[in-house]
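Work through the exercises below with the sequence and the model at hand. Each task is followed by its solution in steps.

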Amino acid sequence: MADSKKFVDSIAKGYQTKGEFITMGAGMIGDETFTGSLVNIPLKTINRHGLISGATGTGKTKTLQVFAENLSEKGIPVLLMDLKGDLSGLAKASPGHPKIDERHEKIGIPFEAREFPVEILTISEQKGTRLRATVSEFGPVLLSRILGLSEVQEGILAILFQYCDDNNLGLLDLKDLKKVLQYATREGKSEIEASYGRISTASTGAILRKIVALEQQGADLFFGERSFDVQDLCRVSDDGRGIISVLRLTDIHDKPQMFSTFMLQLLAEVYNSFPELGDSDRPELVLFIDEAHLVFENASKSLLDQLESIVKLIRSKGIGIYFVTQNPKDIPADVLSQLGLKIQHALRAFTAKDRKAIKLAAENYPVSEFYDTAKVLTELGIGEALISALNEKGIPTPLVRALLRAPMSRMDVLSKEELSTQIAQSKIASRYNEAIDSESAYELLNEKIAVAQHQAEEIKKKEEEIKRKKTSSSRRSRSTINPIVKVVTSATFIRGVFGILNKVMKK
């Protein structure tokens with residue numbers, strides 16, 4: 001009993017907040033839930049980033065759903081990466097269930113079924129509001145990181161971007177970039193090298209091959225116009241709730257380079273577009289990256305450095321980033337150290353390697369007098385998690401095993417008909433789904449090449465005309481001279497001359 005009171009007091013003190021907060025659940029010891037011992041996360045620290053991890057089937061996605069719902073209720077917009085396709089249900093209210101009522105009675109908060117304002121987004125062939133970005137918006141440095149270019153190749157890409165800037169050649173999609181690369185080693189080789197230095201054909205060929213590989217993962221659908229304005233991720237509904245943007249990625253889970261390309265560009269665009277806010281009382285936008293290992297596992301070191309830098313700096317813009325993955329070890333140590341909130345679902349200890357991973361995972365959390373953290377990690381039930389956050393002063397809260405609240409929205413996907421209806425209700429889809437193919441580098445260089453070819457043909461025709469005239473003039477000259485020469489040099493003419501000379505000499 002004494003330990004129970006001490007535990008309740010520690011939760012009450014550790015998770016007490018003066019400002020706004022969201023409630024994730026209630027504290028537990030063993031199988032006992034302490035009703036009213038609420039685990040509250042201050043909105044002030046939501047932009048300190050976080051991690052939601054746990055083995056398959058332990059409830060990560062539902063935790064993500066609960067988090068997003070509560071942020072929306074507070075008027076905070078959310079972007080969810082939906083790689084498994086099971087988050088669209090946020091748009092419909094939960095049908096409810098006796099077990100949900102029982103769970104909330106244990107926690108000590110009422111359950112209310114609600115639907116939420118949802119915007120369905122896409123970067124692939126799936127239906128939804130289309131997200132795009134131009135090649136120019138990426139810039140040579142970020143694009144080089146994504147393509148994994150060498151220093152020499154990165155330098156060439158920078159030269160070509162500069163050439164396009166100097167000559168007003170818009171780089172909008174990948175066909176523009178490929179055309180510039182081809183032009184630099186063919187028709188425009190002498191022009192570019194005269195102003196910017198020598199460009200290796202082998203290097204441009206290598207860059208082209210990497211662009212083609214990116215295209216094969218579906219990047220041609222992402223690069224182009226109209227560019228998505230990241231401010232449209234920060235909209236609120238008419239009733240003041242934050243709009244939850246659900247990016248459907250179910251058809252690119254096997255295309256990690258495309259996924260990391262999109263994620264890095266999005267984070268870079270958000271970072272560059274949002275103003276500095278310093279230490280604000282609430283976040284402007286919260287991003288949840290599901291299957292986060294896809295971002296990191298195939299990334300080059302330079303790409304990881306870029307991502308780590310953005311994660312460290314973007315907090316001051318009022319942006320919170322939450323990584324959702326199976327094991328904390330999926331996240332690089334430098335990124336993991338930046339995450340203020342950690343929600344850890346159960347981990348499985350089937351092998352010696354699993355047990356080692358659990359031991360390492362346990363070391364990511366504060367030491368607790370109430371738990372053997374490594375042991376609890378294997379005992380957590382579905383919908384339970386170990387939580388460690390930051391209080392309003394930025395101090396880590398006590399580690400707590402929590403019974404998590406249930407989602408207020410449907411814990412299932414929308415039907416095709418419901419999805420179509422949801423997309424049709426979008427206020428921005430018509431703007432971004434319009435196909436645009438502006439005049440850009442591809443068209444302008446083709447035109448330039450055509451003009452050059454026409455000029456070359458004209459010059460060739462003039463040269464041939466001059467040559468033809470010279471030949472014709474030479475023939476006319478020969479036809480005038482030849483009869484005289486023929487007569488003078490003929491045998492008859494010579495005999496006649498000699499005959500006249502003999503007569504004269506005889507006289």
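**Exercise 1: the whole chain**

The accessible surface of the protein is about 24,600 Å², and carbon and sulfur atoms hold 52% of it (Shrake-Rupley method, 1.4 Å probe; for residues, only the protein chains shown count as cover). The model is predicted: local features need pLDDT of at least 70, side-chain atom pairs count only at pLDDT 80 or more, and totals for chains, interfaces and linings use all residues. Residues are numbered from 1 along each chain as its sequence is written, and side-chain values use heavy atoms, with hydrogens and water left out.

Task: state how many helices and strands the protein has, and what share of its residues is buried.

Step 1. The protein has 18 helices and twelve strands (DSSP runs numbered from the N terminus: helices H or I, at least four residues; strands E, at least two).

Step 2. Of its 507 residues, 49% are buried (under 20% relative accessible area; exposed is over 50%, partly exposed in between; 1.4 Å probe, protein chains only).

**Exercise 2: S144**

Task: decide whether S144 is buried or exposed, and find what its side chain approaches.

Step 1. S144 is part of helix α4, residues 135–147.

Step 2. S144 counts as buried because its relative accessibility is 2%.

Step 3. A polar atom of the S144 side chain lies 2.6 Å from the backbone oxygen of P140.

Step 4. Beyond neighbours within four places in sequence, S144 contacts L149, E154 and L157 (contact: heavy atoms within 4.5 Å).

**Exercise 3: I319**

Step 1. With a relative accessible area of 0%, I319 is buried.

Step 2. H49 is 270 residues away from I319 along the chain, yet their C-alpha atoms are 8.2 Å apart.

Methods: Polar contact = N/O pair within 3.5 Å; in protein donor to acceptor, adjacent residues only side chain to side chain.
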